[in-house]
Amino acid sequence: MDGSSKEEEEDSTFTNISLADDTDHSSRIFYPRPKSLLPKMMNADMDAVDAENQVELEEKTRLINQVLELQHTLEDLSARVDAVKEENLKLKSENQVLGQYIENLMSASSVFQTTDTKSKRK
């Protein structure tokens, strides 16, 4: 092995921590990295986090869809209430016209005229 491949090997197994702010490389100390457990634990943790995030994302998506569906239902009901109110006002107006018409008919008809009992007895 030449010098550059040994240096690359050291870089992959050790973390370089500088002890001074200068750029002098002689003041660096190399600490070994724990290789065996860290990647496995990180992968397992990441899988658990990903699964948990996936469940949360699915739950959020379900709730958002449910909220949107309820909003659409509310809009439909609100439109229906407005239509019923409008129909109700129209029917009230028609009932007033019909009531006035019936009153006019009754007052014009002799059948519904009030009778004076004193005048008939004489």
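## A first look at this predicted chain

The protein chain has an average pLDDT of 75, and 57% of its residues score at least 70; pLDDT is the predictor's confidence in each residue, from 0 to 100. This is a predicted model, where local features need pLDDT of at least 70 and side-chain atom pairs count only at pLDDT 80 or more, while totals for chains, interfaces and linings use all residues. Residues are numbered from 1 along each chain as its sequence is written, and side-chain values use heavy atoms, leaving out hydrogens and water.

**Confidence**
- Confidence is highest in helix 2 (residues 37-108), at a mean of 89, and lowest in helix 1 (residues 3-13), at 49; helices are DSSP runs (H or I, at least four residues), numbered from the N terminus.
- Where pLDDT is low, the predicted coordinates should not be read in detail.

**Helix 2 and its record**
- An unreviewed UniProt entry lists residues 60-94 as a "coiled-coil region"; such annotations may be inferred rather than shown by experiment.
- In the model, residues 60-94 are 100% helix, and their end C-alpha atoms lie 51 Å apart.

**One salt bridge**
- The structure holds one salt bridge, meaning a side-chain nitrogen of Lys or Arg within 4 Å of a carboxyl oxygen of Asp or Glu.
- Arg62 and Glu59 form this pair, at 2.8 Å from N to O.
- Both residues lie in helix 2, three residues apart, about one turn of the helix.
- Arg62 is partly exposed at 43% relative accessibility, and Glu59 is partly exposed at 36%; the term falls between buried (under 20% relative accessible area) and exposed (over 50%), using a 1.4 Å probe and protein chains only.

Notes: Helix = DSSP H or I, 4+ residues; strand = E, 2+ residues; numbered from the N terminus.
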